[in-house]
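Colleague: I would like to learn how to read a model like this one. Could you take me through it step by step?

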Amino acid sequence: MGTLISLIFLSASAVLTAGAVAFLIGKFNFLVTLRRQISTEMLQFDFALRKQAAELRTMGGTFSWSQEGCRKSFFAALDHAELLAHRAVAAPLCDANLEGLAAAAGLVASCWKEVAASEGMRRTAGARLKSNAEMRGKISGLVSHYGRRVRKFPCRWVASASGFARLSPGNGLFDKVNKEMLEPV
Amino acid sequence: MRKQGITFQWIDPCPNERLSQAQARLRDSVVSLGLEPELVPAGPGLIKFADVLRFARTRGSGSSFVWCNSDVTLTADPFALDDGRTVRGFHRREVPSGESCGGVDMYLIPNAVWDDVLSKDLPDLWCGATHIDWWLTRAAVLAGCYTSHFGFIDHVTHQESPASKARANSYYRHNIREYNKWARRNGSGLFEQRIRLPIVGESLSPLSDLFRSLKTWGH
């Protein structure tokens, strides 16, 4: 009888342990999936910004700039935007990279506004800015979701154990562009 | 004076007619731009990306060298952008759709950047499988010397190869592992992967699935 009880107890423990492990791995997979989605969206946004930077460079090359300084700062802003966007997707996923991408988007947006004002390119600029805003909104939504989930048990434990950098998005992360990052280097 | 060279794998025997025609088109496009095709001899099996780049470095005659995938067509001379300091990644344009591809299929690498930075820590990646552009782009970005370009290469759209996307493919898995090792060493972003469980597979949360199923039965 004792052996039978021990066997039942051991089997139940094994099932519970397996269930708990599966549950935690499930949560890990959930977090990985969400992080992959964020990374993928960031990569797509980075790619969109690169394409737009190339487009803006071509447009900027055909401008008749009133001042050489304006031309230089326009191209410097694009170079800096590309650098920020590249760094944002090259480094491990964390808040600073999201801010870097947001700063890059801010720089590209300022260039679009310049182009739209001087060359009658309002429609193209408007479409690009709208699409950028949509992409930023999507990333922001995913990051908020991640932030909410990662604060709760058991995702908090899983994130901490798997060494994921915590993403604490807050509201409208992508709207809070650090002004210093907007200055071309 | 020796012409500038474009390095790419010359696959012989070719596993399919598409690739055979594509690499011949690439060779012709390189010659038509007044450049020299530098052919890396390869068979149907994949070879290591580091070996291809080393080959390109030793064959280079100027201050930079260029590598590209074997199934693109050159439409402009990448050496026109050479400044001896910046690694330049080239996104291909898909034919016939005209769309730009997110992946990078050609790089112009200054010898100085190769010698001082890139060659110091080369991940063991298979050329033709996934993530080689993740490594090269990120390594150059982390070194602060990378820009991307559009409009230099065309690529006829085809079905993706298993080594570039299929998770079950051993080349794919190898490259992801090696890329992640390199990324850990260098503080770059990892390619995060989910854990596969026996029987359960990749369920996001097996217990949640069970509860959901029970709920469904309840209704």
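Modeller: Helices (H or I, at least four residues) and strands (E, at least two) are DSSP runs, numbered from the N terminus. This is a predicted model, in which local features need pLDDT of at least 70 and side-chain atom pairs count only at pLDDT 80 or more, while totals for chains, interfaces and linings use all residues. Residues are numbered from 1 along each chain as its sequence is written, and chains are lettered from A and ligands numbered from 1 in the order in which they are written.

Colleague: At what angle do α2(A) and α4(B) pack?

Modeller: Two packed helices are described by the angle between their axes and the distance between the axes. Axes are lines fitted to C-alpha atoms, for helices over the stretch in contact, and angles run from 0 to 180 degrees between N-to-C directions. For α2(A) and α4(B) the angle is about 120°, and the axes are 9 Å apart. That makes the pair oblique, given that angles under 35 degrees count as roughly parallel, over 145 as roughly antiparallel, 65 to 115 as roughly perpendicular and the rest as oblique.

Colleague: Which residues meet there?

Modeller: From α2(A) come A:H86, A:R87 and A:A90, and they meet B:R138, B:V141 and B:L142 of α4(B). Contact means that two C-beta atoms, placed from the backbone, lie within 7 Å.

Colleague: How many residues of chain A are in contact with chain B?

Modeller: In total, 26 residues of chain A are in contact with 26 residues of chain B. On the chain A side, α1 (2-62) and α2 (68-90) are the elements that give two or more residues, and α1(A) has the largest share, with 18 residues.

Colleague: Is α4(B) mostly covered or mostly open?

Modeller: Mostly covered: nine of the eleven residues in this helix (132-142) are buried, among them B:W134, B:W135 and B:R138. A residue is buried if 20 or more other C-beta atoms lie within 10 Å of its own, exposed if 12 or fewer, and partly exposed in between, with C-beta atoms placed from the backbone. B:H131, in the loop between α3 (111-116) and α4 of chain B, is buried too, with 25 other C-beta atoms within 10 Å. Its phi is near 70°, a positive value in a residue other than glycine. Just after α4(B), B:G144 also takes a positive phi, of about 75°.

Colleague: Which strands pair with β7(B)?

Modeller: Two strands pair if DSSP finds at least two bridges between them. Strand β4 (72-74) of chain B pairs with β7 (146-156) in the antiparallel sense over three bridges, and B:V72 stands opposite B:H155. Strand β5 (87-95) of chain B pairs with β7(B) in the parallel sense over nine bridges, where B:V95 has B:V156 as its bridge partner.

Colleague: Where are the cis peptide bonds you have noted?

Modeller: One joins B:V95 and B:P96, with omega about 15°; B:P96 sits in the loop between β5 and β6 (100-110) of chain B. Another runs from A:F153 to A:P154, with omega near 0°, and A:P154 is in the loop between α4 and α5 (155-161) of chain A.
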